[in-house]
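I opened the file and kept notes on what I looked up. The entries follow in the order I made them.

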Amino acid sequence: MDVAVRFFRGWVGGVVEVVVYGVDNAPKGFRVVRSVEELRSYIGRAFIVVVGDRRLAEELGVAYFTREEWADFKCWYVGVCKV
């Protein structure tokens, strides 16, 4: 996750879209996609995060987060953590 977060920090406030696959919801401003076909359509046009499917992330060459890492990232990004 550290590499993805460092890479993402460079885009905060920029114009690059962040697309997330493998979750039901994401922070405001992120796009959640539900199918692999839709996800593939964003390759080269967005910062892509796959949550929970390492094999897919490696196949596509995109960022991978475990479910726990995704929860930590959302906590860091939003600034509010559920205890």
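Which residues of α4 are buried? I found Trp70, Phe73 and Cys75 buried there, where buried means under 20% relative accessible area, exposed over 50%, and partly exposed in between (1.4 Å probe, protein chains only).

**Ground rules.** This is a predicted model, in which local features need pLDDT of at least 70, side-chain atom pairs count only at pLDDT 80 or more, and totals for chains, interfaces and linings use all residues. Residues are numbered from 1 along each chain as its sequence is written, and side-chain values use heavy atoms, with hydrogens and water left out.

**Overall layout.** I noted four helices and four strands in the protein chain; helices (H or I, at least four residues) and strands (E, at least two) are DSSP runs, numbered from the N terminus. Their order from the N terminus is α-β-β-α-β-α-β-α. Of the 83 residues, 35% count as buried. The accessible surface of the chain is about 5500 Å², and carbon and sulfur atoms hold 50% of that; accessible areas come from the Shrake-Rupley method with a 1.4 Å probe, and for residues only the protein chains shown count as cover.

**Sheet.** I traced an open sheet of four strands, ordered β2-β1-β3-β4, with parallel pairing; two strands pair if DSSP finds at least two bridges between them. Strands β2 and β4 (63-65) are at the edges with a single partner strand each, so one side of each lacks a neighbour in the sheet. Neighbouring strands are turned by 30 degrees against each other on average, direction ignored. For such angles, axes are lines fitted to C-alpha atoms, for helices over the stretch in contact, and angles run from 0 to 180 degrees between N-to-C directions.

**Strand β1.** I checked β1 (residues 17-21) next: four of its five residues are buried, so the strand is largely enclosed by the rest of the structure. β1 pairs with β3 (residues 46-51) in the parallel sense over five bridges, and Val18 has Phe47 as its bridge partner in β3. Three bridges join β1 to β2 (residues 31-33), also in parallel. On that side, Val20 is bridged to Val32, and Tyr21 stands opposite Val33.

**Helix α4.** How far apart are the end C-alpha atoms of α4? They are 16 Å apart, which agrees with the 16 Å that the 12 residues of α4 (residues 67-78) should span at 1.5 Å a residue; the expected span is 1.5 Å times one less than the number of residues. I saw α4 lying across β1, β3 and β4, at about 100 degrees to β4. Just after α4, Gly79 has a positive phi of about 85 degrees.

**Salt bridges.** I searched the whole structure and got two salt bridges, each a side-chain nitrogen of Lys or Arg within 4 Å of a carboxyl oxygen of Asp or Glu. One joins Glu17 and Arg31 at 2.4 Å, N to O. Glu17 lies in β1 and Arg31 in β2, so the pair ties together parts 14 residues apart in sequence. Glu17 is partly exposed at 26% relative accessible area, and Arg31 is partly exposed at 37%.

Arg40 and Glu59 form a salt bridge with the closest N and O atoms 2.6 Å apart. Arg40 is in α2 (residues 36-40) and Glu59 in α3 (residues 54-60), so this pair ties together parts 19 residues apart in sequence. I logged Arg40 as partly exposed at 39% and Glu59 as exposed at 52%.

How values were computed
Contact means heavy atoms within 4.5 Å.
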